[in-house]
Amino acid sequence: MRKAIFLMGFMGSGKTTIGKKLARKIKFDFFDLDEVIELSQQKTIAQLFEEIGEERFREIEREALIDIGKNQNCVISLGGGTPCFYNNMDLIKELGTSVYLKLDMPILVGRLRNTKGNRPLLAKLNHKGISKFVREKLIEREPYYSQADFILRSNHPKVGPIMDMLNLA
Ligand code: S3P
């Protein structure tokens with residue numbers, strides 16, 4: 001398989017960790033969309049949300065997706081919101097093969113409570129607020145994520161099952 005492999009899923013689902021491992025295993029390049037944006041803008045995602053707001057961030061994110069998606073033989077870990085804005089999901093499907101890392105909500109909440117610091121959408125929320133946010137956002141985003149070509153339903157996503165799904169083993 002040539003083309004790009006896109007990993008999507010909610011914040012905290014392990015897209016970056018799994019993406020890096022997958023790319024190493026199959027000898028593809030690896031890109032993390034948030035990292036690409038941070039490098040090109042010379043600011044952290046948190047700074048961008050703070051300084052230019054989410055709306056402008058989503059435009060930049062889309063431009064970065066178009067740019068990075070032109071690469072072949074690469075694994076791209078998307079931001080949690082990337083598939084859910086504009087027609088990004090159509091674009092992702094056009095550009096390559098997509099995998100949704102689907103974790104149960106309580107697991108995501110647990111993971112995010114420990115790592116909310118660098119995530120601007122969560123930074124100001126307390127424990128209860130995070131549960132509410134994740135519950136509401138998951139309902140809103142699931143119709144996008146579920147359009148992925150493959151869905152890995154696991155609370156401990158691993159590279160092996162993804163390679164099997166994609167026939168890369
Ligand atoms: C976001 C997820 C983040 C980052 C930004 C917004 C979202 O990426 O793009 O903070 O809307 O879910 P991760 O999913 O890699 O944390």
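Which atom of the ligand is 2.6 Å from an N or O atom in the side chain of arginine 58? An oxygen atom of the ligand is, and that pair is a polar contact (a pair of N or O atoms within 3.5 Å). Keep in mind that this is a predicted model, where local features need pLDDT of at least 70, side-chain atom pairs count only at pLDDT 80 or more, and totals for chains, interfaces and linings use all residues. Residues are numbered from 1 along each chain as its sequence is written, and side-chain values use heavy atoms, with hydrogens and water left out.

**Around the ligand**

- The ligand is surrounded by 14 residues, where being near means having a heavy atom within 4 Å.
- The closest ones are Lys15, Asp34, Arg58, Gly80 and Arg141.
- Glycine 80 brings a polar backbone atom to 2.9 Å from an oxygen atom of the ligand.
- Glycine 81 has a backbone N or O atom 3.3 Å from an oxygen atom of the ligand.

**α2 against α3**

- Helices here are DSSP runs (H or I, at least four residues), numbered from the N terminus.
- Helix α2 (residues 33–41) packs on helix α3 (residues 45–68) at about 110°, and their axes are 9 Å apart.
- Those axes are lines fitted to C-alpha atoms over the stretch in contact, with angles from 0 to 180 degrees between N-to-C directions.
- So α2 and α3 are roughly perpendicular to each other (angles of 65 to 115 degrees count as that).
- On the α2 side, the contact (heavy atoms within 4.5 Å) includes Asp34, Val36 and Ile37, and these residues and their neighbours meet α3 residues including Phe57, Ile60 and Leu65.
- Sorted by class, this contact has 10 nonpolar, one polar and three charged residues.

**α3 against α4**

- α3 and helix α4 (residues 88–95) pack at about 10°, with axes 11 Å apart.
- That makes α3 roughly parallel to α4 (angles under 35 degrees).
- Arg62, Leu65 and Ile66 of α3 meet Asn88, Leu91, Ile92 and Leu95 of α4.

**α5 against α6**

- The axes of helix α5 (residues 105–114) and helix α6 (residues 127–145) come within 10 Å and cross at roughly 135°.
- Among the residues making the contact are Met105 and Leu108 of α5, plus His127 and Ile130 of α6.
- Seven nonpolar, two polar and three charged residues take part.

Technical notes:
Helices (H or I, at least four residues) and strands (E, at least two) are DSSP runs, numbered from the N terminus. Ala, Val, Leu, Ile, Met, Phe, Trp, Tyr, Cys and Pro count as nonpolar, Asp, Glu, Lys and Arg as charged, and the others, Gly among them, as polar. A polar contact is a pair of N or O atoms within 3.5 Å; within protein, one must be able to donate a hydrogen and the other to accept it, and residues adjacent in sequence count only if both atoms are side-chain atoms. Angles under 35 degrees count as roughly parallel, over 145 as roughly antiparallel, 65 to 115 as roughly perpendicular and the rest as oblique.
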